[in-house]
Protein chains: 2
Amino acid sequence: MKRTKIVDVLKDTEYGKDVCVKGWVRTHRSSKAVDFIALNDGSTIKNVQVVVDAGTVDDETLKLITTGACIGVTGKLVESPAKGQASEVHCESIEVYGLCGSDYPMQKKGQTFEYMRQYAHLRLRTNTFGAVMRIRHNMAIAIHRYFHEHGFFYFHSPIVTASDCEGAGQMFQVTTKNLYDLKKDEDGKIVYDDDFFGKQTSLTVSGQLEGELGATALGAIYTFGPTFRAENSNTPRHLAEFWMIEPEVAFIDLNDLMDLEEDFIKYCVKWALDNCRDDLEFLNQFVDKTLIQRLEGVLKETFVRLTYTKGVEILQEAVKNGKKFEFPCNWGDDLASEHERYLVEEYFKKPVIMTDYPKDIKAFYMKLNDDDKTVQGTDVLFPQIGEIIGGSVREENFEKLMSEIERREVPMKDMWWYLDTRKYGTCPHGGFGLGFERLILFVTGMQNIRDVIPFPRTPKSADF
Amino acid sequence: MKRTKIVDVLKDTEYGKDVCVKGWVRTHRSSKAVDFIALNDGSTIKNVQVVVDAGTVDDETLKLITTGACIGVTGKLVESPAKGQASEVHCESIEVYGLCGSDYPMQKKGQTFEYMRQYAHLRLRTNTFGAVMRIRHNMAIAIHRYFHEHGFFYFHSPIVTASDCEGAGQMFQVTTKNLYDLKKDEDGKIVYDDDFFGKQTSLTVSGQLEGELGATALGAIYTFGPTFRAENSNTPRHLAEFWMIEPEVAFIDLNDLMDLEEDFIKYCVKWALDNCRDDLEFLNQFVDKTLIQRLEGVLKETFVRLTYTKGVEILQEAVKNGKKFEFPCNWGDDLASEHERYLVEEYFKKPVIMTDYPKDIKAFYMKLNDDDKTVQGTDVLFPQIGEIIGGSVREENFEKLMSEIERREVPMKDMWWYLDTRKYGTCPHGGFGLGFERLILFVTGMQNIRDVIPFPRTPKSADF
């Protein structure tokens, strides 16, 4: 008999028909007259209740049906007396696919996230991680839909790169060299002509530079791929391997870029509210009581648009009025997290898009303003998580770009292709980067970035 | 004035209204009375014709408008006398964003794909590569839509892995170790406790094993991410870095798996025919005259389902009747490309799903049939490109799986988590892998895999 997913069975009201459900046992309660089995197959956070009248299934089989066991149930669809679901299954027969001993690590309820991280392969079967992973899926779908509907093309920037000027962080080396017999030149310097790619290569820290090549040909592209930082950061907000979304658009100015950022992120949040209700309600109840309210808040508010200079004025005014910050906030300083949070959570109480930063705290490729002091960078700052998006209009003028590259001594060896975009039919363009896991943190209310990706890679940890 | 994308302008019939288009000049023809500029912005393969009456734009500006230059045009939308497009733009003014000198490498028409590969950053602006990249985007969208509509969750398997049993190919090492000062133990063996992850790590060659963890929790997942093989294969069909799609489903049997494979690939091909018509017609005309016919053929045919044993019988029969193959095809041999092509292109003349291979030519994790000789593997063989999908039902029985692992001496160090899926509530499951670029080859008619990914990574080549 054809299996029906539990998400569909729970909505079905064609009572009396035969159904077959398969999944993993969440709980099994027995009494003399009847057994109740809560079954989950990952298609929804909700379990289907299987009612087994005494005598339907032999006692030996019933004993095998412990938490974590995998079974298939055929029976009749009946109306559920329980709230919140239409239907349950009146069991006629059970097939046991896989037993689950009492040493099952996800046996008990109420285990900590730290404990479950050691069993990342099995935590996926729990309510919380099931919810997070289904929301993660939905956010990826929302992202692809948004860009597809808006005429952006998905563009695969390379993962292995020979360029070392991306500048966004420390890099992992990628090699096929025999480390026991490293070829060196007469000065003792390692030679890479016998490495797989014939030169020294690393894992990408950003697809932006290649994304610019795409945008200046296809008009509007976005990347969505893994990105790597070899920083030894053991924090709840850093991963060594994470997924990043980087749209890049030709013929865009700073205002259009801010519109895109705001529209995009609202689309994602709305998608979650529209498509992940059951999972969000679970997380709202057990992980973060203000989650749904905060998501709805983002949709209601028009994001504040604020120059860095104006932001610093507000912060300095606050200090004058007695507000204490740990770090100074003079014009030219990189704002600290406490400053951003003050602006977003206390002063404006809504998301803020900050623009026009001092050039020396931003990357070399950002478009210089006429004041010669600030660049057209734009960060979107969110309550609780701080910077969620960082973007900019790019410097499209060859001479201005070169002069910044020289002033900063950016290593541009092998970067002729990037400069070519400014030589041949250069065009105004811009884009932004969004850390996918930062978005998932915001949308799930989870606190640790290791808990919103299936198998986190962090210093000293690459299990699974 | 707000810019309109050329894809939209060409369809618009509200003649007389003001429009603004921006893009790169494909051609510029001048006569005394009028200039014609063909402008492309990457949103479509089609150019918009800009008509510039004499006197509208000064001669100095017109001289700057060479092939490859980037310009913005404002003017009136007018009906086009040309076939195949509704509208053109009657120019009122032109802004030049970026000049393009005569040293522009994409200046000339008819350059070879080999030549263009050297300029992978600029080839994106040509008709062929624009078409390929838009189709590539559409195939990615089709894949996400298909799985989302069918209740699969997008699952990010890790890129950096510490396991070495995936067995699908040679691996790239990932390290932050200082190669000039490698820590070694007393036997001279390199020690990895000071490496970033505290152990030796590599780039993944397949996300399947982690995908199985996802499927046995969420029910049905798919991966879609970069995958790496460090084989020194300089062929038109191999990349060192490519994108792979790997769905994995709980509670699936061999027949359902074949249904999924066939339905999925037909959905993708249909999506291309429905959504990429202009690009396909271009490729059909200039790259492969049988492209559209071949794509339509896939939709019309029911794929042949054939056991390996039956396939070998057909091949041996053909040999008896005088067919010459380079390689032998005895039961137990891995079929060569010539054998697969004979079955698909000559014997059946339609796609073939081959199943039930001898266990020793397939991976350790495939489900053993009752004959103890064959496994439930399934390869989808396509005309022209051969194997496009490889999949199997997985061995879910712990003892049988362990006995294969031991018989083959598969290195399962650190693989306790994989075996746990068979220990705790094991379930029948299966899945397949599709090389994304192989699909793009099929759907575009391109011959070299380096021409269907923006920036190919191959031996001795990691430019851009």
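**Entry 1: helix 6 of chain A**

I began at G219(A), which follows helix 6 of chain A and has a positive phi, near 95 degrees. Helices here are DSSP runs of H or I with at least four residues, strands are runs of E with at least two, and both are numbered from the N terminus. I note that this is a predicted model, in which local features need pLDDT of at least 70 and side-chain atom pairs count only at pLDDT 80 or more, while totals for chains, interfaces and linings use all residues. Residues are numbered from 1 along each chain as its sequence is written, chains are lettered from A and ligands numbered from 1 in the order in which they are written, and side-chain values use heavy atoms, with hydrogens and water left out.

I then went back over helix 6 itself, residues 208-218 of chain A, and found 11 of its 11 residues buried. Buried means under 20% relative accessible area, exposed means over 50%, and partly exposed lies in between (1.4 Å probe, protein chains only). The buried residues include Q208(A), E210(A) and E212(A), along with L209(A), L213(A) and L218(A).

**Entry 2: where chains A and B meet**

How many residues of chain B are in contact with chain A? I read 118 residues of chain B in contact with 118 residues of chain A, contact meaning heavy atoms within 4.5 Å. The size of an interface is often given as the accessible area lost when the parts come together. For chain B and chain A the buried area is about 9,200 Å², 65% of it on carbon and sulfur atoms; this is the accessible area (1.4 Å probe) that two parts lose on being put together, summed over both.

I looked up the polar contacts next and found 43 residue pairs across the interface of chain B and chain A, both residues at pLDDT 80 or more. A polar contact is a pair of N or O atoms within 3.5 Å; within protein, one must be able to donate a hydrogen and the other to accept it, and residues adjacent in sequence count only if both atoms are side-chain atoms. On the side of chain B that touches chain A, helix 5 (residues 127-149) of chain B gives the largest share, 11 residues. That side divides into 59 nonpolar, 33 polar and 26 charged residues. Nonpolar covers Ala, Val, Leu, Ile, Met, Phe, Trp, Tyr, Cys and Pro, charged covers Asp, Glu, Lys and Arg, and the others, Gly among them, are polar.

Between chain B and chain A I count four salt bridges, each a side-chain nitrogen of Lys or Arg within 4 Å of a carboxyl oxygen of Asp or Glu. D463(A) forms a salt bridge with K199(B), with the closest N and O atoms 3.0 Å apart.

T175(A) has Q173(B) as its bridge partner.

**Entry 3: salt bridges within chain A**

E262(A) and R305(A) form a salt bridge, the closest N and O atoms being 3.3 Å apart. This pair links distant parts of the chain, 43 residues apart: E262(A) is in helix 7 (residues 254-275) of chain A and R305(A) in strand 12 (residues 304-307) of chain A. Is E262(A) buried or exposed? E262(A) is buried, at 8% relative accessible area, whereas R305(A) is partly exposed at 34%.

I also looked at D274(A) and K270(A), whose salt bridge has its closest N and O atoms 2.7 Å apart. Both lie in helix 7 of chain A, four residues apart, about one turn of the helix. D274(A) is exposed at 51% relative accessibility, and K270(A) is partly exposed at 44%.

**Entry 4: strand 11 of chain B**

I ended on strand 11 (residues 241-250) of chain B, which is largely enclosed by the rest of the structure because 10 of its 10 residues are buried. In a regular strand the side chains alternate between the two faces of the sheet. Here both faces are covered, with W243(B) and I245(B) among the buried residues on one side and F242(B) and M244(B) among those on the other.

Which strands pair with strand 11 of chain B? Strand 10 (residues 220-228) of chain B pairs with it in the antiparallel sense over nine bridges, and A220(B) stands opposite V249(B). Strand 16 (residues 429-435) of chain B also pairs with strand 11 in the antiparallel sense, over five bridges, and A250(B) stands opposite H429(B).

Note on methods. Two strands pair if DSSP finds at least two bridges between them.
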